[in-house]
Amino acid sequence: MASVTLVRTISFSIYQKAKYSYSAAIGKAMGEEPLVTVNRPGSIPTLGTVLCFGAAGATAGGMVAAIACPFELTKLSAQISVLMADRNKSSVTDPIRSSYQQKGTLSTAKNIILHRGVTGLYSGFGFHFLRDTIGTAIYFTTYESTKQLLVKFQGSDSPTSPSSVAMAGGFCGLVSWACIYPIDSAKTHYQRNCLTKAKGQPVKIPRIQFNKASMYRGLGVSMARSCIINTIFFSSFEFWKKKINSLPDPVR
């Protein structure tokens, strides 16, 4: 839980800063900053706003992947430790598979380093980077654009009306997972295989297949969870953001 909170906090911090930087750059090139367009009542998504949010999201996702990869790998190893040890009778005696059973996060990380070296903590980083870069770009673009459209259709003067924020938050969780789930499946498959191999042993790299049904196994549960979590998260985020922004400037 702590690792998820840390990663999400860093991701949103990077996104917020990158969003303003890209908005300024796009404003110079296109004549108006995307953030000015978004905050104008009645506006709709434009090429500039989509580029701004997409680029900022991709930047945040790519940068945070370097931090998130080791956390996700240790979490994955804990989740599938029993499966790895009990996949078949012969695997029970496999010292690598059985060594992951009943380990805490730190012990699991040490175990990965023992078998695959420090770089083993970044097993599957290519898949992770691809998933987070594309997924976070889609995530924030969908959220910002959906929120903007809902505000227009509701006729609200506020760019962050509670209902539009809640619906946009839930929708962006659905869309992002639907788009990048095959990449996540390939990442999980590759990392799982890495955990059963010692350093130097070859690990087959799976193909990302968007047209294969098995790559979407478990998608429904992930989408439902993401929809609920992001509905609550964005509602809370925008609420407290508005409260903080309304505070008077400190006396200097």
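Colleague: What should the 30 residues of helix α7 span, and how far apart are its end C-alpha atoms?

Modeller: This is a predicted model, so the values are computed from its atoms. Helix α7 covers residues 125-154, and at 1.5 Å a residue its 30 residues should span 44 Å.

Colleague: Is α7 roughly parallel or antiparallel to α8?

Modeller: The axes of α7 and α8 come within 7 Å and cross at roughly 165°. Angles over 145 degrees count as roughly antiparallel. Therefore α7 is roughly antiparallel to α8.

Colleague: Which classes of residue make up the contact of α7 with α8, and what is the hand of the crossing?

Modeller: The residues of the contact of α7 with α8 divide into 19 nonpolar, nine polar and four charged. The crossing of α7 and α8 is right-handed.

Colleague: How does α3 lie relative to α8, roughly parallel or roughly perpendicular?

Modeller: Helix α3 (residues 47-79) and helix α8 (residues 162-194) have their axes 10 Å apart and pack at an angle of about 70°. Angles of 65 to 115 degrees count as roughly perpendicular. α3 passes α8 in a right-handed crossing. By its angle, therefore, α3 is roughly perpendicular to α8.

Colleague: Which element gives the most to the lining of the second largest pocket?

Modeller: The second largest pocket holds about 310 Å³ of space. Its lining has 21 residues, and K19, N39, K147, T160 and K241 lie nearest its centre. Two or more lining residues come from each of α1 (2-30), α2 (34-38), α7 and α9 (219-245). With six residues, the element that gives the most is α9.

Colleague: Which element gives the most to the lining of the largest cavity?

Modeller: The count comes to one cavity of 30 Å³ or more, and about 100 Å³ of space lies in the largest cavity. Of its 15 lining residues, V38, R40, S43, V151 and P159 are the closest to its centre. By class, the lining has four nonpolar, six polar and five charged residues. The element that gives the most, with five residues, is α7.

Definitions and conventions: Residues are numbered from 1 along each chain as its sequence is written. This is a predicted model: local features need pLDDT of at least 70, side-chain atom pairs count only at pLDDT 80 or more; totals for chains, interfaces and linings use all residues. Side-chain values use heavy atoms; hydrogens and water are left out. Helices (H or I, at least four residues) and strands (E, at least two) are DSSP runs, numbered from the N terminus. The expected span of a helix is 1.5 Å times one less than its number of residues. On a 1 Å grid over the protein atoms alone, a cavity is a set of points where a 1.4 Å probe fits but cannot get out, and a pocket is an open set with protein on both sides within 12 Å along at least five of seven lines; lining residues have an atom within 4 Å of a point. Grid points are joined across faces, edges and corners, and a volume is the space filled by probe spheres set on the points. Axes are lines fitted to C-alpha atoms, for helices over the stretch in contact, and angles run from 0 to 180 degrees between N-to-C directions. Angles under 35 degrees count as roughly parallel, over 145 as roughly antiparallel, 65 to 115 as roughly perpendicular and the rest as oblique. A crossing is left-handed if the near helix is turned anticlockwise from the far one by less than a right angle, and right-handed if clockwise. Ala, Val, Leu, Ile, Met, Phe, Trp, Tyr, Cys and Pro count as nonpolar, Asp, Glu, Lys and Arg as charged, and the others, Gly among them, as polar.
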